[in-house]
Amino acid sequence: MRLALLSDLHGNPIALDAVLADIQANGGVDGYLVLGDLVAIGHDPVGVLERLVALAGARFVQGNTDRYVVTGQRPYPSSSDAAVDTNLIPRLVEVANSFAWTQGVVTAGGWLDWLSALPLEERLELPDGSRLLATHIAPGQEDGGGIHPALSDADLAALIGDAAAEVVCVGHTHWPLDRTARGVRVINTGSVSNPSPPDLRASYAIVDADASGYAVQHARVAYDAAAVITAVERSRHPAGEYIISHFRGQRHPWWH
């Protein structure tokens, strides 16, 4: 069994195409686990979804930004935050417009019900009997800081909790990671799109598994960031400058 782990595609089919081509060039896979944040904060949500559902053996979970798109919930800041600190009003407006734009595109394309129905987790058993849990942020969590390198061993173990799995696969933080906590191997795939410096290439992971065990390989793929910037500009996305800043290496992880 050979599985590709993809997360945080953020409406960027240019990056996704590069990742899918790299997977095929390196022998292909038997299936895909796609770990959420599929459409928001990117220029072509429908293009990403069309590519994903065409993949053989693909399974999906819903990310927090997917939930924002389909429910009308929004990330920080809230209107009450902006009422306390009026400096947040421009950010509040940009966030509202960004998710409304994506919701409109996804709805017009006929994908809103599909996106709404995605589960928060997927589980499967690897050939050696190891139980694998795939989710976006952490087991049982719909929001939060996620799994990142600054976590202590104790904090990581607390986030994993009683996952009832030997392998936990996540995304969300846009930062690849491979650690073990309380005997549970935790794999963060990094992000296909909207990267953090210093490495702006797309990130994904491969799980190779057979009856004797499994191995995990992280991969990086270069793609045409200038083409993404042009596509974002042409889309007239209301959060275009914010999106573009990722591809110019201007968005640093919050824990740094």
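Which residues does Ser191 touch, not counting residues up to four places away in sequence? In this predicted model, the partners are Ser7, Asp8, His174, Arg201, Ala202 and Ser203. Ser191 sits in the loop between β8 and β9. Its relative accessibility is 4%. Ser191 therefore counts as buried, the cut-off being under 20% relative accessible area. The side chain of Ser191 also reaches the backbone oxygen of Ser193, at 2.9 Å.

Ala164 lies between α7 (153–160) and β6 (167–170). The relative accessible area of Ala164 is 36%. That value falls between the limits of 20% and 50%, so Ala164 is partly exposed. Leaving aside neighbours within four places in sequence, Ala164 is in contact with Arg123 and Arg131. Asn188 is 24 residues from Ala164 in sequence. In space, the two C-alpha atoms are 18 Å apart.

Strand β1 (residues 2–6) was considered next. Five of its five residues are buried, so β1 is largely enclosed by the rest of the structure. In a regular strand, side chains alternate between the two faces of the sheet. In β1, Arg2, Ala4 and Leu6 point one way. Leu3 and Leu5 point the other way, and all of these residues are buried. β1 pairs with strand β9 (residues 202–210) in the antiparallel sense, over four bridges. Leu3 stands opposite Val207 in β9. β1 is also joined to strand β2 (residues 31–34) by four bridges, and these two strands run parallel. Here Leu5 stands opposite Leu33 in β2. Together with α1, strands β1 and β2 make a right-handed β-α-β unit.

A further sheet is open and has five strands. Its order is β4-β5-β6-β8-β7, and the pairing is mixed. The edge strands, β4 (121–125) and β7 (176–181), each pair on one side only. Neighbouring strands of this sheet are turned by 15° against each other on average, direction ignored. Within the sheet, three bridges join β5 (residues 131–135) to β6, and the two strands run parallel. Ala134 stands opposite Cys169 in β6. Helix α7 lies across β6, β7 and β8 (184–189). The angle of α7 to β7 is about 90°.

Helix α8 (residues 225–235) has a buried side and an exposed one. Its buried residues are Val228, Ile229, Ala231, Val232 and Ser235. These residues lie on the same side of α8 because they cover an arc of only 165° around the axis. On the other side of α8, Ala226 and Arg234 are exposed.

Asp224 caps the N-terminal end. A side-chain oxygen of Asp224 lies 3.2 Å from the backbone nitrogen of Ala226. Ala226 is also one of the exposed residues of α8. Arg236 follows the helix, and its phi is positive, near 55°.

Notes:
Residues are numbered from 1 along each chain as its sequence is written. This is a predicted model: local features need pLDDT of at least 70, side-chain atom pairs count only at pLDDT 80 or more; totals for chains, interfaces and linings use all residues. Side-chain values use heavy atoms; hydrogens and water are left out. Buried means under 20% relative accessible area, exposed over 50%, partly exposed in between (1.4 Å probe, protein chains only). Contact means heavy atoms within 4.5 Å. The arc is that of the directions from the helix axis to the C-beta atoms. A polar contact is a pair of N or O atoms within 3.5 Å; within protein, one must be able to donate a hydrogen and the other to accept it, and residues adjacent in sequence count only if both atoms are side-chain atoms. Two strands pair if DSSP finds at least two bridges between them. Axes are lines fitted to C-alpha atoms, for helices over the stretch in contact, and angles run from 0 to 180 degrees between N-to-C directions. A crossover is right-handed if, with the strands pointing away from the viewer, the path from the first strand over the helix to the second runs clockwise.
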